[in-house]
Amino acid sequence: MVDIHDIRYVRIGTDDLDTSVRFAVEMLGLELMERDANRAYLRGDDRDHNICYTRGRESGQATGWEVPSMELLDQAAGKLEAAGVQVRAGTAEERELRRVRGMIVVNDPSGNVLELVARPQACGRRFFPSRDAGITHFSHVGLHTADAAGDENFWVHKLGAKVSDWIGDAPLMRINEVHHNVALFPSGKAGIQHVNFQVETVDDIMRSYYFLQKNNVKIVFGPGRHATSGARFLYFQGPDDVVYEYSCGVRMITEEDEKTYIPRSFPFEDQSFCVWGSKPDIPEFSKDKKPVAHAA
């Protein structure tokens, strides 16, 4: 199996680059690192960037996942090819645009683009937020899936992820000690479903709750607390059909915990997403609005 260390970035194609950047800076609270006519790099921690917006929806979406070394990235490519997975090496231009030394590209069974990278650039100066949202770091993504079981099998048996819990058919999976770095939500398609940033305290969540409401940003879920990870959360609608989340207090599953930890299976209902009683206005989280998934 592949040794993935952490999530590194998301790439999001947008029809309106100016609107996406303005939202990320003024509402989400990220630092704009670099911008040209076709792309913008933003961050919420000491990485070079967490989000890269690219001009045009047709430029697509991808998630980047860090492998600890160039040697392990080469080994990952070999293992995946031996397992029958189509692997493409990143071009010199792609590596330059992603600020990495090594890169391979694979697709999960639903068609989500996964970029495995090695030696990504860090930033030599501290993160300076555009507004004090309390962000500490970029943490996880939710992905759409047209085949939850098939994609789960791919992540577990090809990429080395571990299931922490399920909500209905949706697996919440970890690649390090964090309860989940990726979650797969049945929705009959591929793509990024939500992007998470950790904040320091629940006070930060509540301050953003009122701030976002004041600025006419649609709150789609929360404030609340997840039954699975224990994290307190707030979800809100961003441009490009992407939902953003702040959360804090996520459960960590340590090496010692691994000896006895057994994933739990929660029913697909509101209280499995929030123990406080908040009801999601997110199709993938709502039994009443959930799209019908089609197996790939």
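Let me begin with F23, which has a relative accessibility of 10% and therefore counts as buried, the limit being under 20%. The model we are looking at is a predicted one.

F23 takes part in an aromatic pair with Y244; the ring centres are 5.7 Å apart, and with 40° between the planes the pair is tilted. Where in the chain do the two partners of this pair lie? F23 belongs to helix α1, residues 17-28, while Y244 belongs to strand β16, residues 243-248, so that the pair bridges 221 residues and links distant parts of the chain. Y244 is buried as well, its relative accessible area being 0%.

A second pair is formed by F233 and Y235, whose planes stand at 65° with ring centres 5.3 Å apart, so this one is edge-to-face. F233 has a relative accessible area of 0% and is buried; Y235, at 2%, is also counted as buried. Both residues belong to an aromatic cluster, together with F185, F221, F268, F273 and F285. Over the whole structure, the search returns 15 aromatic pairs.

I turn now to the chain overall. Its secondary structure consists of seven helices and 17 strands. The C-alpha trace spans about 50 × 45 × 40 Å along the principal axes, and 56% of the residues are buried. Of the contacts between residues at least 6 apart in sequence, 67% join residues at least 24 apart.

Finally, the charges: 35 side chains are positive and 44 negative, and the centres of the two sets lie 2 Å apart.

How values were computed: Residues numbered from 1 in each chain as written. Predicted model: local features only at pLDDT ≥ 70, side-chain atom pairs only at ≥ 80, totals over all residues. Heavy atoms only, no water. Helix = DSSP H or I, 4+ residues; strand = E, 2+ residues; numbered from the N terminus. Buried < 20%, exposed > 50% of the residue type's maximum accessible area, 1.4 Å probe, protein only. Contact = heavy atoms within 4.5 Å. Lys, Arg positive; Asp, Glu negative; His and termini not counted. Charge placed at Lys NZ, Arg CZ, Asp CG, Glu CD. Phe/Tyr/Trp six-rings, centres within 6.5 Å; stacked < 30°, edge-to-face > 60°.
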